[in-house]
Structures are given as structure tokens and as C-alpha cells.
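Below are some notes for a colleague who is looking at this entry for the first time. Please read them with the sequence and the model open.

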Amino acid sequence: MSGYLPWYAGAAALALVAVGSCIVARRPLGVSGILSRMVNLRAELEADRARAASARLSEAELERALLAATLEAFGPPPPAGWAAAATASAAPALGCGSEVLLPAAALPARGGRACKGTCASPAVRPSVAAHALFLAGIVVGGFVAAVLRGGFHLTLDMGPDFGRLLGTGGRGLAFLALGGFLAGMGVTIAGGCSTGHGLSGCSRLQPASMVATATFLGAAMAVSLLLAGRLA
Amino acid sequence: MIATATRPAACSHVATCELFPKFQRRASLKVWQTFYCEGRFPNCARYQLSLEGRPVPPNLLPNGRELNLQVLGL
């Protein structure tokens with residue numbers, strides 16, 4: 001087998017992965033988020049253990065603990081109930097706990113966006129092991145695809161054009177490291193990578209993801225044109 | 001003219017928050033939702049950790065305290 005598969009095969013595969021991720025994990029896919037879990041591995045494993053401990057509790061036990069925490073934080077509810085107090089026009093005295101009291105103006109209008117589309121599908125946090133398996137799948141999948149195409153070979157550069165533009169050997173590696181550092185900084189600042197924003201965010205019509213994706217693509221096109229000019 | 005800061009009306013992380021569905025389900029827990037998820041979500045400890053890309057413990061409450069399971073005798 002040689003050459004690339006048609007573009008629509010790749011598009012269909014990406015769509016399958018994005019939709020499959022939503023169906024299985026009930027949360028959008030984002031590769032940089034999964035990678036960052038590996039960076040915070042120790043804390044992630046502790047969170048997984050706490051999650052497992054919570055999962056062993058019955059719903060009733062969990063609610064009892066949450067109710068106790070609510071009383072501790074907000075104090076006993078006012079006679080009319082929390083909902084009435086929260087939406088009252090005047091600033092109410094909300095409880096006598098340690099919580100800072102909110103003026104009514106700081107409270108949102110009822111029927112906010114939070115509930116839309118999320119009530120019926122509680123989020124599921126995949127374990128670190130599941131995400132590690134996903135990352136391993138990316139590497140193995142890339143390897144298998146390269147072997148099937150007959151083009152697998154280890155390399156430390158990004159091809160002849162990269163070498164001509166940025167140099168080879170230590171200089172080329174330094175540029176790759178710098179690029180990786182900038183990419184890591186970028187996805188952290190942007191709250192996601194091209195997969196999270198481009199694939200998952202845009203498909204959910206998230207405005208922030210659309211802006212982020214337009215920026216990714218715009219920057220990539222500008223750099224491509226710049227490099228094409230230098231290579232010509 | 002009074003300058004008003006523009007901020008989303010509700011937390012954008014509710015879809016992935018493990019506690020949010022629990023706050024929604026029970027009226028007596030909705031105070032968390034009203035105060036944090038739909039109000040001062042920038043002050044939510046879970047939101048802040050999530051924003052930093054750090055793991056969010058499932059038992060971490062929006063006010064930064066951990067859910068005390070000792071009240072259950074566990």
C-alpha cells in the first residue's frame with residue numbers, strides 16, 4: 001500500500017472518533033487535555049482513587065454528605081427555601097454559615113444556560129488508564145499506518161524543507177523543541193488544541209472554539225505562505 | 001453611565017463537572033448551583049482547577065472544601 005487514503009476517509013474516521021468519544025465517555029474529545037492528565041499523573045491518580053471511593057457510596061449516602069456540606073457552607077435554608085431567597089429582589093440574608101453572602105444583583109436570572117443539553121447526560125470522567133490507552137492507540141495507530149504504507153522509518157527531522165529552512169542536527173532539534181514548547185504553552189492558554197477546539201468545540205458550535213480554530217488555521221496558513229515564499 | 005463587566009451567565013464547565021448534576025437533582029443542593037455554577041463560578045475551586053488544566057477531585061466542593069465522608073461514619 002502506498003500514498004495517502006482519500007481525504008474523505010480521514011474525515012469519516014475523525015468524525016467516528018469524535019462521535020464515538022461523545023457516546024462512550026459522554027464528553028467531548030480533546031487530546032491536549034488527555035496529555036495534560038499524564039503530566040499531572042500523581043494528582044490524577046489520587047483523583048481517580050477519590051472517584052472510586054465516591055462511586056462505592058450509594059446515591060443516598062452521597063446526598064447525605066452533600067447536604068451536610070451544604071449546611072456547613074450556607075447554614076440552614078431560610079423559611080421560603082433557597083430558591084426563593086436566591087431570586088429575591090432585595091439582598092437576602094442567606095444563611096449564617098461561613099459563606100460570603102451574595103447581593104441579589106450578582107445572582108443570575110433563572111433558567112440560565114447551565115442546564116441546557118447537560119441535564120440528561122451526566123459527565124463521566126474516564127480513568128487515567130483509559131486515557132493512557134487512548135494515547136498509546138494514537139502512537140500504535142500511526143505506526144501501523146506507516147508500516148502499511150511501507151514508509152516507516154525513524155527520523156529526527158521534519159523532512160528536507162524543514163532542514164533547508166531551519167537547519168538540521170542540533171539546530172533542527174532545538175527548533176522542534178521550541179515548537180513543542182510553544183504548542184504546549186498555546187494549548188494551555190487557549191484551553192485546548194486543534195482537536196478539542198476544532199473537532200469537538202466547533203461541532204458543538206462553541207463561539208470560543210470557533211475563534212480559536214480560526215486563529216489556528218489563520219496562523220498555519222500565514223506560516224505556510226511565508227515558508228512557501230522562502231522555499232521558492 | 002455605569003460600566004458593567006461582561007461575563008458569561010453560567011459556568012462553561014458544567015457539562016464536565018461531576019458535582020453539577022447532583023446539585024441539579026436535589027432542591028436542597030441547588031444553592032450550590034445558584035451561587036457558583038450560575039453566579040460566582042470564577043470563585044469555584046473546581047472551575048479554577050479545571051481552568052488550570054489540573055485534575056479536579058470528585059469530592060472537591062465549589063468552596064474549596066472536601067466532601068466530608070466522616071459524617072456517614074465511613
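1. In chain A, residues 24 or more positions apart account for 51% of the contacts with a separation of 6 or more, where a contact means that two C-beta atoms, placed from the backbone, lie within 7 Å. For chain B, 35% of the contacts between residues at least 6 apart in sequence join residues at least 24 apart.

2. This is a predicted model, in which local features need pLDDT of at least 70 and side-chain atom pairs count only at pLDDT 80 or more, while totals for chains, interfaces and linings use all residues. Residues are numbered from 1 along each chain as its sequence is written, and chains are lettered from A and ligands numbered from 1 in the order in which they are written.

3. Chain A has 10 helices and 0 strands, these being DSSP runs numbered from the N terminus (H or I of at least four residues for helices, E of at least two for strands). Chain B, in turn, holds 3 helices and 0 strands, giving the order α-α-α from its N terminus.

4. Of the 232 residues in chain A, 16% are buried, a label given when 20 or more other C-beta atoms, placed from the backbone, lie within 10 Å of a residue's own. In chain B, which has 74 residues, the buried share is 39%.

5. Which residues of helix 2 of chain B are buried? This helix, spanning residues 30-37, is mostly covered, with 7 of its 8 residues buried, and those are B:Val31, B:Trp32, B:Gln33, B:Thr34, B:Phe35, B:Tyr36 and B:Cys37.

How values were computed:
Buried ≥ 20, exposed ≤ 12 C-beta atoms within 10 Å, placed from the backbone.
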